[in-house]
Amino acid sequence: MLSKNPPLPDWDPKVLTQDEIRQFIDWGYVLIRGAFPADLAEEIVDIVWSRIEPDRCDRSTWTANRIGLNQFVEGAPFTRVYTEQLRGAVDDLLGAGRWTCPNRSGWWPLTFPGFAEKPWFPPELGWHVDGFHQHTLTAPDEGLLGLMIFSEIGEGDGGTAVSLGSHKLVTRILAEAGPLGLPSQEAGKLINQHRPENIIEATGSPGDVYLCHPFMRHSASMNTGNNVRIITNKCFPLDEPMNLWRDRPEDFSTVEYSIVAALRECGSPLWHPDEAVA
Ligand SMILES: O=C(O)CCC(=O)C(=O)O
């Protein structure tokens with residue numbers, strides 16, 4: 001459910017609707033359907049298959065439930081996924097001119113069918129917030145978590161499990177840690193003292209992109225479907241640390257605003273910028 005108050009700043013989003021921006025602030029994600037063309041996804045999937053050992057056409061070679069292709073796919077055709085629509089949506093969340101469009105993919109976690117049976121259930125373990133950087137409220141390292149979908153993912157097909165609204169818990173934990181924040185492992189331990197709530201599966205079609213809050217808890221899930229689940233997890237870093245102390249509400253990016261809103265909601269104090277080390 002979307003909250004009604006307080007009213008959003010006087011933003012002029014390029015792609016997202018007011019409801020989508022409100023959803024991002026409340027629940028930490030938006031889903032951009034058809035953010036890039038499905039035939040481009042197919043072209044890139046061919047490249048991914050050519051770089052891994054399992055054979056696309058020979059199921060006997062699918063011997064693990066999960067394979068991570070740690071290589072980036074760089075340059076064209078990959079760069080064509082950053083369509084005007086996708087770039088506009090990222091602008092709406094991070095602020096135009098505050099991030100640089102990447103020229104490559106993220107890593108590729110692939111999950112294979114045949115290792116778990118229906119019914120799908122949410123993972124018990126593996127919940128985390130991305131990034132090995134020092135986690136602070138303003139760190140620029142992970143501006144957005146992008147889950148970019150390259151295969152058809154229905155329910156139970158191994159879509160990333162995402163704990164909606166968890167950016168608020170993580171905001172509180174990082175606020176309590178103070179301006180120096182926490183190393184990623186420490187942050188992970190504190191976050192994992194809480195059970196993940198409001199779990200959804202990141203389902204979708206080739207070309208869909210989930211743009212998630214940088215503090216979003218998520219975890220890999222078992223593929224109980226019939227097809228290989230292919231996504232790239234693409235981080236969209238910021239050019240500079242976030243600024244949570246802007247004078248005019250409309251100057252905040254949506255992500256900055258969501259952090260300030262979460263602090264207000266949980267009653268956590270925001271330290272002074274002079275103390276902040278991002
Ligand atoms: O495989 C997935 O669905 C999630 C992967 C993940 O958690 C990550 O890349 O951080």
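1. The model is predicted. The residues of the shell around the ligand divide into three nonpolar, four polar and three charged.

2. The members of this shell are Arg66, Trp107, Pro109, His128, Asp130, Thr160, His218, Ala220, Arg229 and Asn233. The space that the ligand takes is the largest pocket.

3. For Thr160, the distance from a polar side-chain atom to an oxygen atom of the ligand is 2.6 Å. For Trp107, the corresponding distance to a ligand oxygen atom is 2.8 Å, and for Asp130 a polar side-chain atom lies 2.9 Å from an oxygen atom of the ligand. On its own, the ligand has 290 Å² of accessible area, of which the protein covers 94%.

4. A separate matter is the aromatic rings. A pair of such rings is described by the distance of the centres and the angle of the planes. The structure holds 12 aromatic pairs. Among them is the pair of Phe78 and Tyr82, which is edge-to-face, with 5.8 Å from centre to centre and 70° between the planes.

5. Are Phe78 and Tyr82 buried or exposed? Phe78 counts as buried because its relative accessibility is 0%, under the cut-off of 20%. Tyr82 is likewise buried, because its relative accessible area of 5% is also under 20%.

6. Tyr82 also forms an aromatic pair with Phe236. This pair is edge-to-face, with 6.1 Å from centre to centre and 85° between the planes. Tyr82 thus takes part in the pair with Phe78 and in the pair with Phe236.

Note on methods: Residues are numbered from 1 along each chain as its sequence is written. This is a predicted model: local features need pLDDT of at least 70, side-chain atom pairs count only at pLDDT 80 or more; totals for chains, interfaces and linings use all residues. Side-chain values use heavy atoms; hydrogens and water are left out. A residue is near a molecule or strand if one of its heavy atoms lies within 4 Å of it. A polar contact is a pair of N or O atoms within 3.5 Å; within protein, one must be able to donate a hydrogen and the other to accept it, and residues adjacent in sequence count only if both atoms are side-chain atoms. Accessible areas come from the Shrake-Rupley method with a 1.4 Å probe; for residues, only the protein chains shown count as cover. On a 1 Å grid over the protein atoms alone, a cavity is a set of points where a 1.4 Å probe fits but cannot get out, and a pocket is an open set with protein on both sides within 12 Å along at least five of seven lines; lining residues have an atom within 4 Å of a point. A molecule sits in a cavity or pocket if more than half of its atoms lie within 2 Å of its grid points. Ala, Val, Leu, Ile, Met, Phe, Trp, Tyr, Cys and Pro count as nonpolar, Asp, Glu, Lys and Arg as charged, and the others, Gly among them, as polar. Rings of Phe, Tyr and Trp (its six-membered ring) pair if their centres lie within 6.5 Å; planes under 30 degrees apart count as stacked, over 60 as edge-to-face and the rest as tilted. Buried means under 20% relative accessible area, exposed over 50%, partly exposed in between (1.4 Å probe, protein chains only).
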